Amino acid sequence: MNRTLFLIEKEFKQIFRNSVLLRMMIAAPVLQLILLTYAANFEVKNLTIAVVDGDHTTYAQRLTGKFRYIDNFQFLGYLPAYKSAYRELLAGRADLVLVIPPHFERDLGKQNGASLQLLVSAIDGSKAGIATGYAQTIIRNFNDDIRAEIVSIEPGSRPVLNVENQYWYNPRLEYKTFMVPGILFELLILVGGMIAALNIVREKEIGTQEQLNVTPIKKHEFILGKLTPFVLIGLVQFTMGLLVGIFLFRIPAEGSIMLMYGFAFLFLLLCVGLGLLISAISDTQQQAMFAVFFCLVLFILLSGLFSSTENMPQWAQYVNLVNPLRYIIEVGRNVMLKGSSFRDVQTQFFALLIIASSLIGLASWRYRKTV
Amino acid sequence: MDAIVIERISKSFGETKAVNDVSMSVKTGELFGLIGPDGAGKTTLFKILVTLLRPDAGQATVAGFDVVKDYRRLRTMIGYMPGRFSLYPDLSVEENLTFFATVFGTTISANYNLIRDIYVQLEPFKNRRAGALSGGMKQKLALCCALIHKPDVLFLDEPTTGVDAVSRKEFWEMLQRLKIHGLTMLVSTPYMDEANQCDRIALMQTGQILAIDTPTGVEQLFDKPLFAVKATETYQLIQDLRRAPFTETCYAFGEYLHLTTHAGVTPETVNRYLIMHQHQHSEVKPIQAGIEDSFMALMQHG
């Protein structure tokens, strides 16, 4: 026990002496949390729209006007013909082109219906989808106005099913509220996994690992000596992230903070376990760095941090069964935004517990003192 | 009882037989040298003895404990100084020493008398980070760290490689002084001129032991006439001598060539041959074989 404490002390001495790394470990998570939260915003703004007006009537102008005076759209201008519209799309200057055919007003009045064409650049699929949605709403709105005038009935007197949405747990659909609990945990992998893995591989590289191996240090003492400092540093980082989330981003902390810390502790154990395992199978820091990076990117992309996991293909769902980040992000969001109790997130707890203990178990087994 | 007993130890890495059926023993309190060129298998043999590698075949005991079965007990009784500097470069001299003392469950003061001679030289730099020490100082610190738990047997793997001539000499003097404490030491080195510092030596090549004896004993293994030869045209001289009918081997040794001949050859025979080949200022004198000569001869005949 005494020896383990001494190993931990030595580890902290080394970490505090490496002032650049220490500052990076403290500053990076806070900076990333702030930057990522502001950047990871799915609201689509500044959609550029061009109009090919083949009708030149009041109706056509009124429709164009609706697009001109809405925040999300930026009116690029009128285009003379179809061909130049294509050119604008191709050059990336326009995101959408609205084509109003000749006789638009006449058809709408006489035949009780007219068609419009909307060309959408789908280079960025999700942006195109959202843009189409916006445009359709505007056109429907225009349609309602026109119909009311032509048929001359009051807009409200027609029986209409009106759906009013209420967004629970995030009433204003704030992306910040949604992102912070996720990013908060994602960052813990960096210190827990990456720094821990690199630290141990470095001991291998400079030969101190071998020197330690000829001493009476036992395997569990070594592993405990390595685990503890990084879990502690991770908890400090978590605290800072939590403070930034609550005081800077005004994220509601509905659930128990103790529960959050409990999960943060478990998750950090898991991360350092992953780091230990990676360091046990790599001989150089490059190898370790690559392995950590591979896991990190895979975990993040599949975790549901940016896109919902339910819509992912079946194979991704299977991979996600062992993706610790997915569970912890679910926990973070549910506990912070919804106030879930332990009972609500116990599935995630057991999943994380199983992953953590298998990683640490596997790492201890791989970490052999004699080759 | 012998401090180190090695019985038919073998270890291969894939196709390469790093250590091939090696047997030897080192007496308690002996300063034993393992001498051989790079790639002879010295480091592999060391790693087996300090419980870092398991042998493929054979048995070995150090201080009476089996290196495989009793590795845990053994680790408290041996000191190992690897060939490469393997301490924490970001910890200070004192912190490194305290660290290794604590890891072995002891303190610096408990065994200070063992390291005093060496540590006094380090003391002025005790707050300096180990990574910022000079090569010779690093060596001394590593030796201190290997000694701090008062081991019974000390393993030094190429301690003088890459160290300047003065520090090398100093280092061997330190080892000589350590013998007073009854420490058994196994030292490996590629430098044959260091062999004379040891009580006994083993010559090792391509995983096998060629000879084990005292330094003088190894020199006496050389049983053929040996001459030091010199002339103005050294290159031509070596070419001519290698073609001579009486020659067995001929190597360059500093300013002289060492010429080994068949039995019964005299300096006059050699001189006559040189004059015949128009060498000027030639000089031929019979000499006593050194360890290097013995080693060269043993390498030739296996």
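This is a predicted model: local features need pLDDT of at least 70, side-chain atom pairs count only at pLDDT 80 or more; totals for chains, interfaces and linings use all residues.

Student: OK, so is B:Glu158 buried or exposed?

Tutor: B:Glu158 counts as buried, because it has 21 C-beta neighbours inside 10 Å. Its backbone is worth a look too: B:Glu158 is not a glycine, yet its phi is positive, about 45°.

Student: Where does B:Glu158 sit?

Tutor: In chain B, in the loop between strand E7 (153–157) and helix H6 (165–178).

Student: And B:Arg8, what's its phi?

Tutor: Positive as well, about 50°, and B:Arg8 is not a glycine either. B:Arg8 belongs to strand E1 of chain B, residues 2–13. B:Arg8 counts as partly exposed because 13 C-beta neighbours lie inside 10 Å.

Student: Let's zoom out. How many helices and strands does chain B have?

Tutor: Ten helices and 14 strands. The C-alpha trace of chain B spans about 75 × 45 × 35 Å along its principal axes. Of the 302 residues in chain B, 43% are buried. Also, taking the contacts in chain B with a separation of 6 or more, 69% come from residues 24 or more positions apart.

Student: How is chain B divided into domains?

Tutor: Domain 1 is 2–213 and domain 2 is 226–301. Their C-alpha centres in chain B lie 38 Å apart. In the contact, domain 1 of chain B puts in six residues and domain 2 of chain B puts in five.

Student: Which strands supply the domain 1 side in chain B?

Tutor: Strand E9 (200–205) and strand E10 (208–213) of chain B each supply at least two residues of the side of domain 1 that touches domain 2. By class, that side of domain 1 of chain B has five nonpolar residues, one polar and no charged ones.

Student: What about the domains of chain A?

Tutor: The assignment gives domain 1 (2–40 + 171–366) and domain 2 (47–150) for chain A. The C-alpha centres of those two domains of chain A lie 48 Å apart.

Student: Which residues are buried in helix H3 of chain A?

Tutor: A:Ala60, A:Leu63 and A:Phe67, in a helix that covers residues 58–68. Seen down the axis of H3(A), the buried residues fall within an arc of 65°, so they line one face of the helix. The face of H3(A) turned away from the buried side carries the exposed residues A:Thr58 and A:Gly65.

Student: What do the buried residues of H3(A) pack against?

Tutor: Their partners in chain A are strand E1 (47–53), strand E2 (73–79), strand E3 (96–100), helix H5 (104–110) and helix H6 (125–150).

Student: Last one: how far does helix H9 of chain A reach?

Tutor: Helix H9 of chain A (residues 219–248) has 30 residues and reaches 43 Å from its first C-alpha to its last, close to the 44 Å expected at 1.5 Å a residue. Just after H9(A), A:Arg250 takes a positive phi of about 55°.

Technical notes:
Residues are numbered from 1 along each chain as its sequence is written. Chains are lettered from A and ligands numbered from 1 in the order in which they are written. Domain bounds come from an automatic or database domain assignment. Two residues are in contact if their C-beta atoms, placed from the backbone, lie within 7 Å. Helices (H or I, at least four residues) and strands (E, at least two) are DSSP runs, numbered from the N terminus. Ala, Val, Leu, Ile, Met, Phe, Trp, Tyr, Cys and Pro count as nonpolar, Asp, Glu, Lys and Arg as charged, and the others, Gly among them, as polar. A residue is buried if 20 or more other C-beta atoms lie within 10 Å of its own, exposed if 12 or fewer, and partly exposed in between; C-beta atoms are placed from the backbone. The expected span of a helix is 1.5 Å times one less than its number of residues. The arc is that of the directions from the helix axis to the C-beta atoms.
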